[in-house]
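Hello,

Here is the structure I promised to pass on. Please open it first, then read my notes below.

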Amino acid sequence: MPGDKTASRTRRTSYARLPLVAGPHLAPAAGYRATLRSVLVGPAVKPRIMRAPTILVFDSGVGGLTVFGEIMRARRDARFVYAADDALFPYGKIAESELVARVTGLMERLIAAHRPDLVVIACNTASVQVLPALRARFALPFVGTVPAIKPACAASQSRRVSVLGTEATVAREYTHALIRSFSQGCDITLVGSAGLAALAEAALAGRPVEDAAVFAEIEPCFVERGGARTDTVVLACTHFPLLLERFKRIAPWPVRWIDPAPAIARRVVELVGPAAGRPAEGLAPAVFTSGRPPTPDLARALAGFGLLAVEFAGGSAATG
């Protein structure tokens, strides 16, 4: 497969040296397992059967479309809004205080404009860093996302699992806490990608993305040691499933790819109930904070998800 082996070994070493970044919201006396559930699943919310709820899906870019699609299939009768803070993409290198202020400010305007019944934060970084502030400020349910380590380890037969995320996600203590709690004795390889989310954005926008560039990012996931191979890879960034078909095609051997989107959609249905009406008509609005109109390829991709980019940064819904 494409890719320079020496460079690959260098990348793998650099991943091992990534520093842990402790999330201050994830260290109460109750322990990480309880806190992770509180932060990412949220406080106890009494489920309600809602006819045609309004659901807002938020991400730093177009990665949340993978989650949006699953939720739309589960609740075709819902009214949807997709919001992408592409003006600040990617979130991984943004200071926590800056990110909390940014997202809570955007959310205030989005909620005022669209009056959602439920908000999905389809971003690992924003889920861990911002969800506590959002839940403290707004009186409506928020659903977050987290690397699907528990189901991946339960499904693995070789007991070798890789977690493919952004550099920020694999470095954060909450990811290591999930591994400690849910690895079930599996050998976990953490792979932090600096560029894969941007490659996914580029591919969806119709810009050329070479197989070699994608392979260089996923190759460290494939580990063969002691007669056992990696058989399961956790996609710990919502952007990554946008490239899933390419992953399958260029992978050195077949593996199980774990996408968190179906679990997020199930959580949404738990909170607002199953579809209770006829499918919504027309395209749902998509908001991009950069104000850049989508490329023709991205516009077609958005339409494939049932979305139309009709609002931009200068409007009342989302300003950069």
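**Aromatic pairs**

Phe68 is buried, at a relative accessible area of 0%. Tyr82 is buried too, and its relative accessibility is 0%. Please keep in mind that this is a predicted model.

These two residues belong together. A search of the whole structure gives 6 aromatic pairs. Phe68 and Tyr82 make up one of them, an edge-to-face pair. Their ring centres are 6.0 Å apart, with 85° between the planes. The pair links distant parts of the chain. Phe68 sits in helix 3 (residues 65-74), Tyr82 in strand 2 (residues 79-84), and 14 residues separate them.

Now look at Phe222 and Trp253. Their ring centres lie 5.4 Å apart and their planes meet at 85°, so this pair is edge-to-face. Phe222 is in the loop between helix 10 (211-218) and strand 7 (224-225). Trp253 is in the loop between helix 11 (244-250) and strand 10 (256-258). The pair therefore ties together parts that are 31 residues apart in sequence. Phe222 is buried at 7% relative accessibility. Trp253 is buried as well, with a relative accessible area of 12%.

Both rings are part of a cluster: ring pairs link Phe222, Phe247, Trp253 and Trp257. Trp253 has a charged neighbour too. Arg229 lies over the face of the Trp253 ring, at 4.2 Å from the ring centre.

**Cysteines**

How many disulfides are there? The count is 0. A disulfide needs the two sulfur atoms within 2.5 Å. Cys123 is buried, at 8% relative accessibility. Cys237 is buried, at 9%.

**The second largest pocket**

The second largest pocket holds about 510 Å³ of space. It is lined by 31 residues, and those closest to its centre are Gly92, Lys93, Thr166, Glu167 and Ala168. Helix 7 supplies the largest share, 4 residues.

What kinds of residue line this pocket, nonpolar, polar or charged? The lining divides into 17 nonpolar, 10 polar and 4 charged residues.

Best wishes

Definitions and conventions. Residues are numbered from 1 along each chain as its sequence is written. This is a predicted model: local features need pLDDT of at least 70, side-chain atom pairs count only at pLDDT 80 or more; totals for chains, interfaces and linings use all residues. Side-chain values use heavy atoms; hydrogens and water are left out. Buried means under 20% relative accessible area, exposed over 50%, partly exposed in between (1.4 Å probe, protein chains only). On a 1 Å grid over the protein atoms alone, a cavity is a set of points where a 1.4 Å probe fits but cannot get out, and a pocket is an open set with protein on both sides within 12 Å along at least five of seven lines; lining residues have an atom within 4 Å of a point. Grid points are joined across faces, edges and corners, and a volume is the space filled by probe spheres set on the points. Helices (H or I, at least four residues) and strands (E, at least two) are DSSP runs, numbered from the N terminus. Ala, Val, Leu, Ile, Met, Phe, Trp, Tyr, Cys and Pro count as nonpolar, Asp, Glu, Lys and Arg as charged, and the others, Gly among them, as polar. Rings of Phe, Tyr and Trp (its six-membered ring) pair if their centres lie within 6.5 Å; planes under 30 degrees apart count as stacked, over 60 as edge-to-face and the rest as tilted. A charge sits over a ring if NZ of Lys or CZ of Arg is within 6 Å of the ring centre and within 35 degrees of the ring normal.
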